[in-house]
Amino acid sequence: MKVYADNAATTKMSPIAIKTMVKYMENVYGNPSSLHSVGQEAAEALSQARETIAKYLGCSPKEIYFTSGGSEADNQAIISAAEIGLRKGKKHIISTAFEHHAVLHTLDRLSKKGFEIELLPVDENGMIKPEQVADAIREDTCLVTIMYANNEIGTILPISEIGKICRENCVIFHTDAVQAAGHLHIDVEKENIDLLSLSAHKFHGPKGIGVLYARKSVPLTNLIDGGAQERGKRAGTENIPAIMSMASAFEEVCEKIDSNSDYLIPLRNKLIDGLLKVPHSALNGDKENRLPGNVSICFEGIEGESLLLLLDAKGVSASSGSACTSGSLDPSHVLLSIGRPHEIAHGSLRLSLCEYNTEEEIDYMIETVPQVVNYLRNISPLWKDKEKGRKEYILK
Ligand SMILES: *Cc1c(COP(=O)(O)O)cnc(C)c1O
């Protein structure tokens, strides 16, 4: 059996997204900046896509900017807020220890330029209390950037409470909503979000395209200079097929948020319960406030990469944290942030589901993963020491 369970890394494009992409490649090839009718047809399509996306975020189409993906949107959001802060002499930025690297590395860059970055600790479930944000905000705070939901452990953060606190304190609030988009209802007005990042390939759209929502009151800084596309904030001829495809994929998932959750949550819980039957294992992330498709488990005495390779041989595509950290020997900063010791963090497995996964696939993983874990433990001398009582277990 083949099971794709790495939807937090990227998703398969939906049939509608593929069809839309091909349609615009074949038929609507004009440059939206051209004055002739072929160009204007593309310009018309572009404004339609902007309207669709704005509708599902609860904002104005004028507040939607197309980017090359989630990373660019995060970079532009944070750099823009920092520049606004700089003009007012404000150089303090609040974030969390377990953001995506697109956020953390942008903050590193700003810290080298004299910004003071305060990373709030998350608790053992990867949760932030809104009061932590309220307590951290100072006179000179120019930005709070906190992700909507974590990509590795699936914890959903109290975004609307944090948004309210930021609004009351007149601090710009950015959220990386790449993992939440299409899975949770987002409303930038109700939640007081000023800047928000999306990426199409995380919701069955194409790769290399994303969105930055920026509230009217937040002027953006260009990362790319050139033509006047995206109201002068992001130069370069628009990728019409990808933008149209993204809009069709977004509409499709947003219309199905409730039915997809109703389908996925029982499957996710079944998988979690099945895997936690393995002795000396633990769930990562919050049990209740959790993305519908996220399963993240630590198995003591396991090396994540070996687990992934053996699972791959059995047809299961999974991840041991975020794709960005694989290839490095450091354990995931997310697992360390929730207090997992290095040894345990190395033995993590993330299975991220989507609405295309079936119950048979879940059953297959409940059967296969424990087999592979047992096999790896049985060939480990360290594990034998623990079984013979010569060394302590870390997970009960
Ligand atoms: C995937 C991801 C990104 C990066 O998006 P790209 O479109 O791949 O650049 C940023 N943040 C989070 C939380 C993600 O999961």
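Let me start with the interface: about 2,600 Å² is buried between domain 1 and domain 2, and carbon and sulfur atoms give 54% of that area. On the side of domain 1, the residues that lose the most area to domain 2 are Ile-257, Leu-291 and His-333, which together make up 26% of what that side buries. Please keep in mind throughout that this is a predicted model.

As for the division itself, domain 1 is made of residues 3-10 together with 257-387, while domain 2 runs over 15-255. The C-alpha centres of domain 1 and domain 2 are 28 Å apart, and the contact between them involves 30 residues of domain 1 and 34 residues of domain 2.

What sort of polar pairing do we find across this interface? Between domain 1 and domain 2 the count of salt bridges is zero, whereas 16 residue pairs, both partners at pLDDT 80 or more, are in polar contact across the interface. Looking at which elements of domain 1 supply the side that touches domain 2, those giving two or more residues are α8 (257-276), β10 (294-299) and α10 (333-337), and α10 gives the most, with four residues.

Let me turn to the ligand. There are 13 residues around the ligand, and the ones that come nearest are Ser-71, Asp-176, Gln-179, Ser-199 and Lys-202. For Asp-176, an N or O atom of the side chain is 2.6 Å from a nitrogen atom of the ligand. For Ser-199, a polar side-chain atom lies 2.6 Å from an oxygen atom of the ligand, and in the case of Gly-70 a backbone N or O atom is found 2.8 Å from an oxygen atom of the ligand.

Finally, the salt bridges. Side chains of opposite charge can pair when their charged atoms come close, and over the whole structure the search finds 16 salt bridges. One of interest here is formed by Arg-234 and Glu-72, whose closest N and O atoms are 2.8 Å apart. Why does this pair tie together parts that are 162 residues apart in sequence? Arg-234 sits in the loop between β8 (210-214) and α7 (240-255), while Glu-72 belongs to helix α3 (residues 70-87), so the pair links those separate parts of the sequence.

Methods. Residues numbered from 1 in each chain as written. Predicted model: local features only at pLDDT ≥ 70, side-chain atom pairs only at ≥ 80, totals over all residues. Heavy atoms only, no water. Domains from an automatic or database assignment. Contact = heavy atoms within 4.5 Å. Buried area = accessible area lost by both parts, 1.4 Å probe. Salt bridge = Lys/Arg side-chain N within 4 Å of Asp/Glu carboxyl O. Polar contact = N/O pair within 3.5 Å; in protein donor to acceptor, adjacent residues only side chain to side chain. Near = heavy atom within 4 Å.
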